[in-house]
Amino acid sequence: MMELRGLHCMCTVGDRLYVMGGNHFRGSSDYDDVLGCEYYSPDTDQWTMVAPMPRGQSDVGVTVFHGQIYVVGGYSWNSRCMVDIVQRYDPEQDVWDRVFNVLEPLGGIRACTMTVHLPEGSVDEAEIQDCPLPTAKSC
């Protein structure tokens with residue numbers, strides 16, 4: 001990695017390993033948020049910086065849905081508080097946006113994406129939702 005960090009999150013999109021969030025140790029038991037994000041490409045054996053996070057998050061949940069990265073909750077060292085936000089990163093556009101807030105500020109969240117394949121004909125296609133969570137923007 002190009003930027004030293006702890007309590008960060010990692011995930012893969014395609015053939016890239018993305019690393020985001022976390023904290024820096026500033027000494028005397030003091031930390032600050034790492035906003036920088038980067039990915040590793042095994043093809044080139046190289047790290048590349050991408051758009052920074054708008055708000056710092058450590059000890060978060062992270063998942064990938066439809067090729068976009070979702071970072072959920074966590075702790076902000078700069079604000080010294082748990083956060084209730086979900087930020088989304090679009091690797092194709094290299095942009096972050098705030099998607100919605102979770103019900104309460106929480107750290108240590110874990111997240112995943114699960115694809116369920118229903119038996120053919122078991123559900124009317126009109127009843128299937130891609131993204132059941134309420135969001136500020138449609139998924």
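The legends below describe close-up views of a predicted model.

**View 1. The aromatic pair Tyr18 and Tyr39 in the predicted model.**
Seven aromatic pairs are counted in this structure. In the pair shown, the ring centres of Tyr18 and Tyr39 are 5.4 Å apart and the ring planes meet at 45 degrees, so the arrangement is classed as tilted. Tyr18 belongs to strand β2 (residues 16-20) and Tyr39 to strand β5 (residues 37-41); the pair therefore ties together parts that are 21 residues apart in sequence. Tyr18 is buried, with a relative accessibility of 3%, and Tyr39 is buried at 11%.

**View 2. The aromatic cluster and the charge over Tyr39.**
Tyr18, Tyr39, Tyr89 and Trp96 are joined into a cluster by ring pairs. Arg16 is placed over the face of Tyr39, at 4.0 Å from the ring centre.

**View 3. The largest nonpolar core.**
This core consists of 16 residues. The residues with the most contacts inside the core are Tyr18, Met20, Ile69, Val71, Tyr89 and Trp96. Strands β1 (9-13), β2, β5 and β8 (68-72) each contribute at least two residues to the core. Strand β1 provides the largest share, namely three residues. A separate core of six residues includes Tyr70, Val86, Val99 and Phe100.

**View 4. The surroundings of Met20.**
With residues up to four places away in sequence left out, Met20 touches Arg5, His8, Cys9, Cys11, Gly36, Cys37, Met53, Ile69, Val71 and Trp96. Ile69, Val71 and Trp96 are listed with Met20 among the residues that have the most contacts inside the largest nonpolar core.

**View 5. Cysteines without disulfides.**
A disulfide is a covalent bond between the sulfur atoms of two cysteines. A search of the whole structure returns zero disulfides. For Cys9, the closest cysteine sulfur is that of Cys11, at 6.6 Å, which is too far for a bond; the cut-off applied is 2.5 Å between sulfur atoms. Cys9 is buried, with a relative accessibility of 6%. Cys112, in contrast, is exposed, and its relative accessible area is 64%.

**View 6. The salt bridge between Glu38 and Arg5.**
Side chains of opposite charge can pair when their charged atoms come close. The structure contains five salt bridges. One of them joins the side chains of Glu38 and Arg5, with an N to O distance of 2.9 Å.

**View 7. The salt bridge between Arg80 and Asp30.**
The side chains of Arg80 and Asp30 meet in a salt bridge with an N to O distance of 2.3 Å. Arg80 is found in the loop between β9 (75-76) and β10 (81-82), and Asp30 in strand β4 (residues 30-33); the pair links distant parts of the chain, 50 residues apart. Arg80 is partly exposed, with a relative accessibility of 41%. Asp30 is also partly exposed, with a relative accessible area of 25%.

**View 8. The salt bridge between Asp97 and Arg88.**
Asp97 and Arg88 form a salt bridge in which the closest N and O atoms are 2.9 Å apart. Asp97 is buried, at a relative accessible area of 17%; Arg88 is likewise buried, at 7% relative accessibility.

**View 9. Asp59 and its contacts.**
Asp59 is situated in the loop between β6 (46-50) and β7 (61-65) and is partly exposed, at 29% relative accessibility. Asp59 and Leu7 are 52 residues apart along the chain, while their C-alpha atoms are separated by 5.2 Å. With neighbours within four places in sequence set aside, Asp59 is in contact with Leu7, Gly74, Gly107, Gly108, Ile109 and Arg110.

Conventions:
Residues are numbered from 1 along each chain as its sequence is written. This is a predicted model: local features need pLDDT of at least 70, side-chain atom pairs count only at pLDDT 80 or more; totals for chains, interfaces and linings use all residues. Side-chain values use heavy atoms; hydrogens and water are left out. Rings of Phe, Tyr and Trp (its six-membered ring) pair if their centres lie within 6.5 Å; planes under 30 degrees apart count as stacked, over 60 as edge-to-face and the rest as tilted. Helices (H or I, at least four residues) and strands (E, at least two) are DSSP runs, numbered from the N terminus. Buried means under 20% relative accessible area, exposed over 50%, partly exposed in between (1.4 Å probe, protein chains only). A charge sits over a ring if NZ of Lys or CZ of Arg is within 6 Å of the ring centre and within 35 degrees of the ring normal. A nonpolar core is a set of buried Ala, Val, Leu, Ile, Met, Phe, Trp, Tyr and Cys residues joined through side-chain atoms within 4.5 Å. Contact means heavy atoms within 4.5 Å. A salt bridge is a side-chain nitrogen of Lys or Arg within 4 Å of a carboxyl oxygen of Asp or Glu.
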